[in-house]
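Hi,

Here's the structure I said I'd send over. Have a look at it first, then read on for my notes.

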Amino acid sequence: MTERRAITLTINGKDYPVTVEPRRTLVDAIRDDCGQTGTHIGCEHGVCGACTVLIDGEPVRACLMFAVQADGRSIRTVEGLQQGDALHPMQEAFMRHHALQCGFCTPGFLMLAVGALEKRPDLDDEELLDLLSANLCRCTGYQNIVKAVRAAAAEMKARA
Amino acid sequence: VTVKSDSWIGASVERLEDPPLVTGRGRFAGDLSFPHQLHMRVVRSPHAHGRIKHIDAAAARGLPGVTAVWTAADIADLPPIDFREGPNAKLAPFRQPVLATDRVRYVGEPVAAVFADDPYVAEDAAELVTIAVEELDPIIDASAPPGEFAPGQSTEPTVCRQGYGDVATAFKEAAAVVELDLAVGRHSGVPLETRGAIGHYDAARDVLELHGAAKVPHRNRESLARMLGRSTAGLHLHEHHVGGGFGIRGEIYPEDVLVLVAALRLKRPIKWLEDRREHLMAANHSRQQRHRIRAAVDAHGRLLGIDNEFFHDQGAYIRTHGTRVADMASGILPGPYRLPHYRANGHFRLTNKTPAATYRSPGRYETNFVRERLMDAVARKLGLSRVEVRRRNLIGAREMPYERPLVALGDEVVFDSGDYAGLLDKALARVGWDALEREVARRRGAGEYVGLGLAVYVEKSGLGPTDGARVVVHTGGDVELITGGASVGQGFETVMAQVCAETLGVDYRRVRVVHGQTDRIEHGIGAHAARATVMTANATAVAAANVRAKALDMAAQLLQADPASLTIAKGSVVRRDDAGASVSLGEVAHHLRPASPTRGARDPGLAADGWFTTAHMTYPYGVQIAVAAIDAGTGAVRIEKMLIAFDIGRAINPMLVQGQLVGGAAQGLGGALFEEFQYNERGQPVSVTLADYLIPTAHDVPVIDVLITEDAPSTCNPLGIKGAGEGGVAAVGAVIASAVDDALGGTGEIARLPITPQTLKAIIDGRRR
């Protein structure tokens, strides 16, 4: 068996010291070693984006990275969006605009959109559509996701 | 959204399901674990067809961390996977064994199962299992002559025949005959969550549990109990969050049986999660059919008869649905049109591909495409407009209820209500059809490949016969609605809560909805055949009305009032004239405790059951219109405009109805333009990643206009509901084909779904040469 390595994953500001095989994917470590199961696994080959998390602020597919590569880096997942009892504007907008049905792809879309808008609050409609085409949803037909992200973008700007 | 006090039916309220799902606190199959669980990995056939000579699992068994490796010999006592409707002697020989016995029949067929402490180790061990197979020629084309399934058994187990009248005479008397050869490719639901199953045996209670159940937990419990020789009292299925169903999830698959048997025999919980590659070759496929169809019409374009010979590509085995998709295709093909004579012969054929069953709008997506292609062809043949030829054939509102001597899902086809021409008019007006047609023609004249498409269709929903629900008011005032329904992401909890809240007189947010738990209610129909809202909501309304009556009776005593003078608003019993005292439902429940001195002779508990039974399915209907433009350079299609007009009878939550229709349409678009499970000549699947099986992205789905009408409430149920789940997807193949064909000049060259860029580029390049 391959030798395990001790690393520290920092998820939503909390340190998780874990010992993993080098081949262990980041998404498996986040879910199974750190118990943060909000990040979902949809394809394990980097197409669907369900496992999108933010690493040092950038949207990343956690199925395409090894856990050891995230050692010491700052990871944000869907569990970290909410501040106390207050939902993130993106979470509120997804509920208000019926932007989710089964909800399996939702954490990936939330992190993708939040990560992009935090860096570039002025994404126009075409850029948003490009961005959201990075992830797959099988339930909604995307229309309401686009609406929700637009509404949340405005709200995030207003609060900034 | 503001809602009139206690008026919940018809309100676009936010979903009760959403808070855990947007905060990462959902519980999908992969999120659930039991202490000391083992992880299962399935070893699958790499060959499409062959005789198993030898399976060597010694190296896998020797790997540290591996508890067991099973092949068919280890579970020889298990029967093949049975049909949901019970034993069927004719189809029985074609059932799938839990693990392949002497032959493998498709790439992806389970051959062995590895059980290990860790999922990575299980996967390592699975790679060490070697399978020696003597390869046999695979059957790839279901319309080629049948082959041999086993000695003495053909690969055509049955022909699904339906029809009425005298088709031969119709063709003899016809002014014109139109003949088409049409095909629909292999698609499937491809939910974002792959399948998962966890088997857990609780020896203390002697209860075997399957977690990760979906769609039809109660029916599956019966089937699994039969297969395992276990009492249903000691077998429970549990549905948690489900990452999309679309008809394919929640069937009984080999893996569901394996985790249960292994939990019993290995005495540890068994967790299995499918990876995406497995999903694309192991979960049910659907849709693939070829139709050779002929229509006889009179000089005015009225249909006299249809004669259809079609080939249903079932894949390698007959799974839980038996022949239902092919039967449904025959039963529903004539759609919204009068048709005096009809004959359908559906050749139900086995091939060496992944087994097929239902995918959202099964049998209708295919036949709406076939029938509407036919109507366009009739229009072309007689020089009529596509709208006019449909108008001349539509069944009239005054002809309702309209009985057709056909069967769908074992139910006689009786269209309960509908004004098809009325909806067509509304749809045409909504898009400004005439102006749109002129504009499209102008652009085509200027050299663009742009076209307008139309499809008219009847959906089916609300398959009965019976469903029940139980409403319990707790002493704190919270309401529990216990159903045997299932939630696959469609908003089941919200809609059921709305119906319960409206009937009972409480806020819908006070209603907790239980679904998919066989230990909470004895019977259930789950979520399939667009029946959940029709059947379970009507049962809920009955149960809630029973509770309401009991609450009013008890409150009348407490308030010293005539029950008829009382009503329930915002969770309290009040006088209709709003005067005097009130009593909350929680307090009423308190007075109905078993030990309550005020209860009198009433049965304890503020609770009641409700049952609803229907004689027939109910038939919503729709019109879809699309504008499609082809890029002559690449052959890519862009949908510029799309309308879904759909009559739903009564919308409980219009926002969710719209969500169902648009989401379904996106899936339909995938099947029309992008999605296909392709196989090479050796039967090797070549669409086993999401980079090969292309599901639409945000860029591919246009803004879809939705017109929801409630002109024809169902006459089959008191709430007037018709189903919404499948109406969006049902006619998308039809309307896109019509639009793309029109873009090419209406030549009828579009005869196959999906319509690929390669096909279109070849047509356009051919014309330019």
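Below is what turned up, starting with a sheet in chain B and moving on to the aromatic rings.

One thing to keep in mind: this is a predicted model.

**The sheet**

Chain B has an open sheet of 4 strands, in the order S20-S28-S29-S30, with mixed pairing. Strand S20 (449-458) and strand S30 (704-709) of chain B are at the edges, so to speak, each pairing on one side only. Going from one strand to the next, the twist averages 10°.

Helix H17 (residues 732-743) of chain B lies across S20, S28 (621-630) and S29 of chain B, and runs at about 150° to S20(B).

**The rings**

Searching the whole structure gives 14 aromatic pairs over all chains. One of them is Tyr106(B) with Tyr317(B), an edge-to-face pair at 6.2 Å centre to centre with 75° between the planes. Tyr106(B) sits in the loop between strands S4 (103-104) and S5 (110-116) of chain B, while Tyr317(B) is in the loop between strand S16 (303-313) and helix H8 (324-332) of chain B, so the pair ties together parts 211 residues apart in sequence. Are these two tyrosines buried or exposed? Tyr106(B) is buried, at a relative accessible area of 1%, and Tyr317(B) counts as buried at 3%.

Next come Tyr420(B) and Tyr621(B): their ring centres are 4.8 Å apart and the planes are at 65°, so this pair is edge-to-face. It links distant parts of the chain, with Tyr420(B) in helix H11 (residues 420-431) of chain B and Tyr621(B) in strand S28 of chain B, 201 residues apart. Both Tyr420(B) and Tyr621(B) are buried. They also belong to a cluster linked by ring pairs, together with Tyr402(B), Phe415(B) and Tyr619(B).

**Charges over rings**

Two arginines to check: Arg195(B) lies over the face of Tyr253(B), 4.1 Å from the ring centre, and Arg294(B) lies over the face of Phe171(B), at 4.0 Å from the ring centre.

Cheers

How values were computed: Residues are numbered from 1 along each chain as its sequence is written. Chains are lettered from A and ligands numbered from 1 in the order in which they are written. This is a predicted model: local features need pLDDT of at least 70, side-chain atom pairs count only at pLDDT 80 or more; totals for chains, interfaces and linings use all residues. Side-chain values use heavy atoms; hydrogens and water are left out. Two strands pair if DSSP finds at least two bridges between them. Helices (H or I, at least four residues) and strands (E, at least two) are DSSP runs, numbered from the N terminus. Axes are lines fitted to C-alpha atoms, for helices over the stretch in contact, and angles run from 0 to 180 degrees between N-to-C directions. Contact means heavy atoms within 4.5 Å. Rings of Phe, Tyr and Trp (its six-membered ring) pair if their centres lie within 6.5 Å; planes under 30 degrees apart count as stacked, over 60 as edge-to-face and the rest as tilted. Buried means under 20% relative accessible area, exposed over 50%, partly exposed in between (1.4 Å probe, protein chains only). A charge sits over a ring if NZ of Lys or CZ of Arg is within 6 Å of the ring centre and within 35 degrees of the ring normal.
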